[in-house]
Amino acid sequence: MTSPERTRWAALYVLCAGTLMIVLDATIVNVALPSIQDDLGFSASALAWVVNAYLIAFGGLLLLAGRAGDLLGQRNVFLAGLALFTVASVACALAQTQGMLIAARFIQGAGGALTSAVVLGMIVTMFPSPREQAKALGVYGFVASAGGSIGLLAGGVLTDALDWHWIFFINAPIGVITGVLALRLVPSKPGLGLRGGADLPGAALLTGGVMLGVYTILGVTEHGWLATRTLVLAAVAATALAAFLVRQTRIATPLMPLRLFRSRDVSGANVVMALMVVGMFSLFFLGALYLQLVLGYDPLAVGLAFLPSTLVMGVTSLKLSQRFAPRTILAPSLLFVLAGLLLFARVPVDGNFVVDVLPATILIGLGAGLSTPAMMTLAMSGVAPEDTGLASGLINTTVQVGGAIGLAVLATLAAGRTGASTAPEDLLAGYHLAFVIGAGVLGVATVVAVWLTRPSVLQVLRVRDGLTPDRV
């Protein structure tokens, strides 16, 4: 391997380290919530804002952050987000009041959005060769997919061994080291400049609409889907986003060029990803609740229970995914996730880990490890260089917003089946319903994936005329 090649791969690992820090934080905090509640005196409803403040800023800014990378330079946006996330993490660790922690979490979410939104765009630019790009996206896919379960394990270790402040303090040295290495290794390329699409009114409509939409979704579990509050807020959010889209068709330099959505690969991959994360979120959230509330696992044991899935995900993402063309492996890999969810839908109240839990988590790890890089590749394929940041922000937004909607729906349905009971049998009935519905959504995702990976009419005609698929 030549020196420039080594530098490129080292830069990839730096970008993935930044991504892993963001992904870990999203789940590691959940494990520490009881300790945070006891220390700072949060009520049950106020405690939710430790998570919600982060998610609103993170989900609301991803699209804008991705486009900012195209305009201002992707490395610049990555470094700015990394610095903001690191400083906010220290503020979280030092927080002595509820208000300070919630405010710092909001800023942390904004930094996370800036950091995460541009990484895929930089990877695609650094690795233009299809073979190298597949390998690089396999590494990224493993980090993005497995980080959640690693966060459960790390959160249990840090909270038990030290205290909740350290789940935030640990980000400081990681953020500083990642930033220094990024300055040295990640290439800096100029953006289009603010004249290429600095639409401030459009930015306000986009960010406000997405943030309000995420806020509305997060409140569904408490208020219900048909509550006046939910319907009014959803209508306002939809109106803002509709106004943004109309504006983008009428201005000379749009913030979000809608040409991006003309690509079947980009649009289809985002639809499949949105559907898949519904099932994945049902596993990591409701599966963790099953282990804790029905089987009696402590937080550290829950993290260890998901470790085999993480290891399988890592092997398939890093070693196997690059051996298959994305269009070939996408639909079959989703069937593995579907099978795993169906196995989870039959777990008993006195379940055994090896017999009832392990096979399902391994199947889901296998499917996620193969499908995530494939979807990332398709979501970024054929995108113009000036739109890579936007495409990167779009797929990240799909994961966050799709996951939030799916989790709100499944948690609401599970709670409706369980009712007010806390008996393990009743809780399990709710989880079973959620897993069955999650499996149904995965079935729809598989059908969409089959449509997405079918050759287009143009491709068929070109192959008939003697062009190879690689030239199509």
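**Notebook: cavity and cores**

My rule: on a 1 Å grid over the protein atoms alone, a cavity is a set of points where a 1.4 Å probe fits but cannot get out. I joined grid points across faces, edges and corners, and took volume as the space filled by probe spheres set on the points.

The model is predicted, so I note the limits: local features need pLDDT of at least 70, side-chain atom pairs count only at pLDDT 80 or more, and totals for chains, interfaces and linings use all residues. Residues are numbered from 1 along each chain as its sequence is written, and side-chain values use heavy atoms, without hydrogens and water.

I put the largest cavity at about 80 Å³. Its lining (residues with an atom within 4 Å of a point) includes Ala134, Phe324, Ile329 and Thr377. Elements giving two or more residues are α15 (326-344) and α16 (353-380). α16 gives the most, with four. By class I found seven nonpolar, three polar and no charged residues.

Next, the cores. I took a nonpolar core as buried Ala, Val, Leu, Ile, Met, Phe, Trp, Tyr and Cys residues joined through side-chain atoms within 4.5 Å; buried is under 20% relative accessible area (1.4 Å probe, protein chains only). The largest has 111 residues, and Phe78, Ile123, Tyr290 and Phe344 touch the most other members. Helix α12 (264-294; a DSSP run of H or I, at least four residues) gives the most to this core, with 15 residues. Apart from this core I found another of 19 residues, among them Ile36 and Cys92.

Conventions:
Buried < 20%, exposed > 50% of the residue type's maximum accessible area, 1.4 Å probe, protein only. 1 Å grid on protein atoms, 1.4 Å probe; cavity = no way out; pocket = protein on both sides within 12 Å on 5 of 7 lines; lining within 4 Å. Nonpolar A, V, L, I, M, F, W, Y, C, P; charged D, E, K, R; others polar.
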